[in-house]
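Hi there,

Here is the model I promised to pass on. My notes on it follow below.

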Amino acid sequence: MTYQQYPHPTHGYPASGESQTAPVVAGWGDDRSASWDTPTAAWTTAPSRARVERPTSGEHLLDVRDLRVEFDTRDGVARVVNGISFHVDPGETLAILGESGSGKSVTAQAVLGILDTPPAVVRGGQVLYGGEDLLTMAPERRRQVRGQEIAMVFQDALSALNPVYPVGWQITEALRSRRGIAKADAKRRAVELMDLVRIPAAAQRVDDYPHQFSGGMRQRVMIAMALAMRPKLLIADEPTTALDVTVQAQIMDLLATLRAELEMALILITHDLGVVADVADRITVMYAGRVVEQADVHTLYGAPAHPYTRGLLASVPRLERRGQGLHSISGTPPNPIAIPQGCAFHPRCPYAQQMCRITEPTLLRIGRLDRASACHFPPEALDARHA
Amino acid sequence: MPVMPEPILRVENAVKHYPINRGLLLPKKVGAVKAVDGVSFELRPGETLGLVGESGCGKSTLAKLLMRLETPTAGRAYLKGHDLFRMRAGDLRRLRRSMQMVMQDPYTSLNPRMTVADIVGEPFDIHPEAAPKGNRDMAVRELLEQVGLGPEHANRYPHQFSGGQRQRIGIARALALRPEVIICDEPVSALDVSVQAQVVNLLERLQDELGLAYIFIAHDLSVVRHISDRIAVMYLGRIVETGTADQVYLRPTHPYTQALLSAVPVPDPTARARRQIIRLSGDVPSPADPPSGCRFRTRCWKAQPRCASEEPPLSQRAVDPHPSACHYAELHQVIA
């Protein structure tokens, strides 16, 4: 028996002059398909987007309604997200502010559909993106929305990046697998994306590995990766928490600039009241898996309505103030397995009354359309008690 | 002007270089990571010295040197007149009673298999001569009370506590031997804002009650401002500016201090338009190969040829009476 050459010269290939062209070599050095790919192709070619309807005017880009997420643990059921609702409009920056354990990261993961299930269970609610519910749509369709329409930047860039692949390869992974672009084009786009996020000498560094970058540069790589498919909504989960202040300022600047340049909406998840004040348009404050206050940034800082927001703002040390004794909120955030009855904040609240221990307050609109607080007492009543 | 009390801790030219070795069989020293490279300061009884700087500037290494958890390469450090860096193990152990440490991470710095009473009482096992005569449980209970924990917490294990409570346990342990100096290495960085304020207030109260001196290491400049009497700003293993809190925060003269202060996010959206952030380009250079002359010159917008050739000493500059290591020190107010 003889070995047959494969593919057999007379089989499979078209018997035309084309067969004489050089074989396609997969690799970074390949520039054969430059014809359709221009330097700005990543931004100008019509992307093969999933067919998600554009939000018609008046509709929110992302509309989360009464989302509930539970975790089954050995100690019991942890109610981490307890019916939260918020929305984001195209081009705006929404900050979700909360301390550790408030459920802010789980909310983001539920929106993207990257929760580990089990132990997590989405118990209810809707995540409407352009009118379609991400929670009930087919997995295949959801996969098209995720990454292409909604992308995420994670907190810890070092563990979110794969240490054994060059950064350029990772940045364009989605482009290669979703759009099937050639590796040479992918490399060119990786350089473009690295330029976009202001990584110096991008062309030289595209083949470097994550460990060869500093913390700030790694976070830029993460952002480039998230932007590769040019999403309409970027979710950034504590993007600067692990960074030094001077680098943090660079990254927040970059996110704000890119958001405006690319006309994205941005959801910024953070615990840092300083960062929020700098970039957010609107703020959603979370406590124990619930939304306790919603307002635009100036109103929230100028006239916080919920006692928790008030306490939080008062407990931030200020650079320009050297006061005697910081205000502090007594106690600690509740364990999600044993959330207090009634208002979850009542054990720590200086205004708490009997009704707070029994009835859970609903998120009620205060005055204007986009301003709400989940407290039994309107802000004027709290002011009066404070005085 | 009041007479300054004698410093309780005096550090002179502390140096810590970590060797970089190459070669498997015959390792050869090919260089050194200059983590701390000539740091001098004084700490007086009852005061708080804030040590700030970005990651990699050597502030945590300095803390470890002072506790002698690392062996210094050179320099001297006098604690109550005794040289910490040249002391034998037995004497060192006795002297360590005067200086204790609160660690950054309350999750890994407590032994998960020990009860709170064991953790807080362990210093008494190590230093039996300092242990309370008679009832040790009583002493532990008093320590817990001092940091705001109840006697019912004594028999629980660390995992049953929240981050803020664990940090209180760490503080109780540091207090056990009645030290005069406590080194706090990022004691509130791992805590939530609302809990962070509780721990900062606790540290301030204990200082008033017990007359403690703190070396407070943090990267959060707002917290440091709040708690510190004096500040030292570090960059790449050196102190670049030092002075009272008001001098450093309100009248900074070193460009690095100015950039650092300007970058701190302000929790006030109305300040957005007013704020002028000095944007530093690039990252901190490697401490294995620091720039010649002024170490900050590679990121400095004022750098001149002189900065590359001549290292600026940390000395009083004409613009404001506090030490700053810049040839071209000038006043630039960053905080409104």
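At 1.5 Å a residue, the 13 residues of helix H5 (163-175) of chain B should span 18 Å, and its end C-alpha atoms are 19 Å apart, which agrees; the expected span is 1.5 Å times one less than the number of residues. Helices (H or I, at least four residues) and strands (E, at least two) are DSSP runs numbered from the N terminus. Since 13 of the 13 residues of H5(B) are buried, this helix is largely enclosed by the rest of the structure (buried: 20 or more other C-beta atoms within 10 Å of the residue's own, with C-beta atoms placed from the backbone).

This is a predicted model: local features need pLDDT of at least 70 and side-chain atom pairs pLDDT 80 or more, while totals for chains, interfaces and linings use all residues. Residues are numbered from 1 along each chain as its sequence is written, with chains lettered from A and ligands numbered from 1 in the order written.

The contact between the chains takes 37 residues from chain B and 37 residues from chain A (C-beta atoms, placed from the backbone, within 7 Å). On the side of chain B, helices H6 (193-210), H7 (221-227) and H9 (255-263) each give two or more residues. H6(B) provides the largest share, seven residues.

Chain A is divided into domain 1 (62-149 + 231-317 + 331-386) and domain 2 (150-230), with bounds from an automatic or database domain assignment. Their centres, taken over C-alpha atoms, are 28 Å apart. Domain 1 of chain A gives 25 residues to their contact and domain 2 of chain A gives 20 residues.

Best wishes

Terms used:
Buried ≥ 20, exposed ≤ 12 C-beta atoms within 10 Å, placed from the backbone. Contact = placed C-beta atoms within 7 Å.
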